Amino acid sequence: MNAIDTAIRAAAASITVKGLTKAYDPQTVVIPPMDVELKAGEFTVVLGPSGCGKSTLLQMIAGLERVSGGKILIGAREVQDLEPKHRGCAMVFQNYALYPHMSVFENMAYSLKVAGMAKAERAERVAAVAKMLGLADYLHRKPGQLSGGQRQRVAIGRAIVREPAVLLFDEPLSNLDAQLRHDMRVELADLHRRIGATTVFVTHDQVEAMTLADRIMILNKGRIEQFDTPKAIYHHPASVFVAKFIGAPPMNILPVTGDGSALRLADGQVVANAPLTGAYQLGIRPEDIVVDGKADGHAVKAALRFREDLGSHSVLAADLGGSIVRVATPFGADIADRLELLLNFPTSRLHLFDVATGRAIPGAFGAQ
Amino acid sequence: MTSESTLFSNRWLPILLVAPFMLLIVLFFYVPIFQAFYWSFFLEQPFGGGSMFVGLDNFARVLSDREFWQAGWRTIIFMVTASSLAVLIPLILAVAADRKVRLSLPARNVLVWPKGVAGASIGVVFAFVFNPFVGILAPLNKAFPGIWAPGIDGTDAFITLIAAHVWGGIPFNFVILLAGLQSIPRTMHQAAAMDGAGPWRRIFDVQLPLIMPQLFLTLVLEFTESVTSAFALIDTITHGGPGGATTLLVYKIYKDGFSGYDLSGASTQTAILMIFVILLTAAQFVFLGRRINYER
């Protein structure tokens, strides 16, 4: 651990959002009042489909977008009316936004120069960060002479050289190819482990969210659907939206009806015993369904429609009472050319959601 | 690399397509220029009827003429002041319009209109605008009699000329510079803002360096244009006066050639002016041009 790491860890501050709203006019509300707290040093991934307000939220924290109401606190300081430079945030942009006319060194040293830091100290700081990011040999180059991954690293270097209280990322990996994205993801995780900066990372990629985050904030139309650890989000989705957004393929959601003792599918087959009446939505992850095997739940009959072999596993799509159910099975399982499958839904793996609100109904099948 | 043959299968077609334009350029630019260079080595009869080869005598005569050097200096002063102002003022306007300051939308339209006005018309209008008795500076003359007198004061006449030239140059340069500013990605401003640079600092650290190609283009065009296009303004506003104070080289060439019938002298001066402009443009490319190329 060098001086930069220690300084950033010390500077890391919590972010508290109180009643924050953003509306362009009364009809176009991007973010309805939001309350949330991001802990100091925490890596938060803001995840959601395009247009859910995740970038707007980030820009409001950064000070690049005016807030329509509410407060943003960084540490104990109210910052919603401050200029970006007084907020202590640094940002990495999707297109990197490096200054093309400046060398890598000048790009990284620019914020220090603007802040009036002495030349020798600037050089020292930039050298330390460049070394940490493996950029020491490229300091004299212009951004145009670098590869995508190197530019990305310069953008990160430019952000952390200031030792910011908060580090903001706006879909920083989406311009990279698949291999590089994977490498950078690993590097980012490693970097965060070392410097411990409070980080807010906006993405629409669930893999980035699952692998990087301490906690994931899932946004839907500006509202927080769920804000929890990746594990909790995956295993205990708080709503149908979350259940369908996370996982590849996503969780199966089936309409079911309770008759007081059992939940039945649209075609009348019983999938679970529960003292419930009325309509519900039943969720189960593709990998939790057991094909042909014995499990602690009910077995239902489904018609196989097609299968995709992915090497590590196969995904089957089956028709179950008019809905398509996706099932993940080990690769090469002996189900070739069968038209009918027996699917066992383990009761402990079932999720129940309210039809009207889409919210999860915890404890519907006993302790989970 | 796509070869031209994929675009034009017929090798004569491209030549045919550029032919009309080439013809115009050759007929009205290269031929006269060549002619001027050719004549500068001959002593031409004023009313036709034969010429005599005199070698470099014309050049010796012109270069030892005090009036030529005076007109040359005036040309350079005009070129430097008028073209820097003709780039600087549109630059300020473009930065303001890019910032979307109040009224920038109507201003953007209004500023383009002078582009449609011919040089001579601009001259006639400015002769009125800066008229010491009825122009915008007339009240000043009422308060301090004689302070603004372009008719008798050479400096005042020169200022009038520069003002007219700059006004005529605003639209084109404004449009080019505004386009340059607007092509700077929004995130570049945001990144600079995050780095702590305020709006003023961003102009000098981010915007100006990034519109260098556009600034360079406008400056090169202005430098060459100010040398030649001043003619229409001089001819309508000052006629080179008072006392030759606004006789730039282009105007002197015209007067020597078409009023004084010194065709050889005018040709020689044209040749010298041409060489000067070529050298100047080449120098700009060498010293500025190669330093401003970078990928965005």
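Two strands are taken as paired if DSSP finds at least two bridges between them. Helices (H or I, at least four residues) and strands (E, at least two) are DSSP runs, numbered from the N terminus. The model is predicted: local features need pLDDT of at least 70, side-chain atom pairs count only at pLDDT 80 or more, and totals for chains, interfaces and linings use all residues. Residues are numbered from 1 along each chain as its sequence is written, while chains are lettered from A and ligands numbered from 1 in the order in which they are written.

In chain A, four strands form an open antiparallel sheet in the order S2-S1-S4-S5. Strands S2 (28-38) and S5 (77-78) stand at the edges; each has a single partner strand, so one side of each lacks a neighbour in the sheet. S4(A) (residues 69-74) and S5(A) run antiparallel and are joined by two bridges. A:Leu73 has A:Glu78 in S5(A) as its bridge partner. Helix H2 (residues 54-62) of chain A packs on the sheet and touches S1 (15-25), S2 and S4. Contact here means C-beta atoms, placed from the backbone, within 7 Å. The direction of H2(A) makes about 115° with that of S1(A); axes are lines fitted to C-alpha atoms, for helices over the stretch in contact, and angles run from 0 to 180 degrees between N-to-C directions.

The domain assignment, automatic or from a database, divides chain A into domain 1 (3-235) and domain 2 (247-354).

Most residues other than glycine have a negative phi, and most peptide bonds are trans. A:Ala97, in the loop between S6 and H3 of chain A, has a positive phi of about 50°. A:Ala97 has 24 C-beta neighbours inside 10 Å and therefore counts as buried (20 or more other C-beta atoms within 10 Å of its own, C-beta atoms being placed from the backbone). A:Glu171 has a positive phi near 45° and is found in the loop between S7 (166-170) and H6 (178-195) of chain A. A:Glu171 is also buried, with 20 such neighbours. The peptide bond from A:Ala248 to A:Pro249 is cis, with omega near -5°.

The contact between the chains takes 19 residues from chain A and 17 residues from chain B. On the side of chain A, strand S6 (89-92) and helix H3 (104-114) each supply at least two residues.

Key: Contact = placed C-beta atoms within 7 Å. Buried ≥ 20, exposed ≤ 12 C-beta atoms within 10 Å, placed from the backbone.
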